[in-house]
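Here is a short report for a first look at this structure. The parts are taken one at a time.

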Amino acid sequence: MEGGSRADGRNPNQLRPFTCTGNPLHRAHGSARWAQGDTVVLAAVYGPKSGTRKGENPEKASIEVVWKPKTGQIGRQEREYEMTLKRTLQSICLLTVHPNTTTSVVLQQARSFAHLVFPNSRKSVESKDTTQRDEESERGLITCITHGAMSEDDYFNCIERGVMASSRISDFMRKTLQKEASRDA
C-alpha cells in the first residue's frame, strides 16, 4: 500500500461499493444477492419446513446451512463456513418460536470470502466517548474469525474497523429495505 492507499486507489478505511438485491431467486422462500466489489454472495432460505434433522432437538427449530463454492466440490473450508454460520444464526434466531421445523440456508459464493463483524447495538458504533457506552452496547460482537498471527493492537483495530463497516452496511440495508417497502406500499 503506497502512501496509505490500496492497489485499487481506496484509502485504508474506505469500503468497496456494495449492492444488494432482494429475492432474485423465485423458487426460494427468501433470497438475496450481495455484492461488494468483486465479492458476490447469493443466498437462499427455504423454510421453515416440518420436522427437525436427525440428532436435533424437536423442541427447537433446526437450522441447516449449505455453503456451495462457485466451482468444485464442498471441502473442509466450506464445512467450516457452514458451521460458523449455523452457530451464528442459532445464537440470534428465536429457535423456540417454530419448534420441530427446519430452515435451510444455502449460499453460493463467487470470488472471495470476507469475515464480517456485526454489532448488535448502534451505541457501540456511534459513541466515541467510552464513558457514555453502557454495558449492553459493549456486547457488539456476535462472531469473529481470524486467520494467522497478529498483535493484540492489530486485532482490536480490525474489530473497530469491522464494527464501523458493519454500521455502514446496516445503514445501507435499512435504506434499501425502506425503499423496497415504500415501492410495495
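## A buried threonine

Threonine 102 sits in strand β5. The model is predicted. Threonine 102 has 7% relative accessibility, so this residue counts as buried, the cut-off being under 20%.

The side chain of threonine 102 comes to 2.7 Å from the backbone oxygen of glycine 51. Setting aside residues up to four places away in sequence, threonine 102 touches Tyr46, Gly47, Pro48, Lys49, Gly51, Thr52, Arg53, Ser62 and Glu64.

## The nonpolar core

The largest nonpolar core has 11 residues: Val41, Ala43, Ala61, Ile63, Val65, Trp67, Tyr81, Leu89, Leu95, Val105 and Leu107. β4 gives the most, with three residues.

Isoleucine 63 is one of the core residues. Apart from neighbours within four places in sequence, isoleucine 63 is in contact with Lys86, Leu89, Gln90, Cys93, Leu95 and Thr103.

α1 has 17 residues. From first C-alpha to last, α1 reaches 25 Å, close to the 24 Å expected at 1.5 Å a residue.

The buried residues of α1 are Glu78, Tyr81, Glu82, Lys86, Thr88 and Leu89. Down the axis of α1, these buried residues fall within an arc of 165 degrees, so they line one face of the helix. An α-helix has 3.6 residues a turn, so residues three or four places apart point the same way. The face of α1 turned away from the buried side carries exposed residues: Arg76, Arg87 and Ser91.

Conventions:
Residues numbered from 1 in each chain as written. Predicted model: local features only at pLDDT ≥ 70, side-chain atom pairs only at ≥ 80, totals over all residues. Heavy atoms only, no water. Core = buried A, V, L, I, M, F, W, Y, C linked by side-chain atoms within 4.5 Å. Buried < 20%, exposed > 50% of the residue type's maximum accessible area, 1.4 Å probe, protein only. Helix = DSSP H or I, 4+ residues; strand = E, 2+ residues; numbered from the N terminus. Contact = heavy atoms within 4.5 Å. Polar contact = N/O pair within 3.5 Å; in protein donor to acceptor, adjacent residues only side chain to side chain. Expected span 1.5 Å × (residues − 1). Arc of directions from axis to C-beta.
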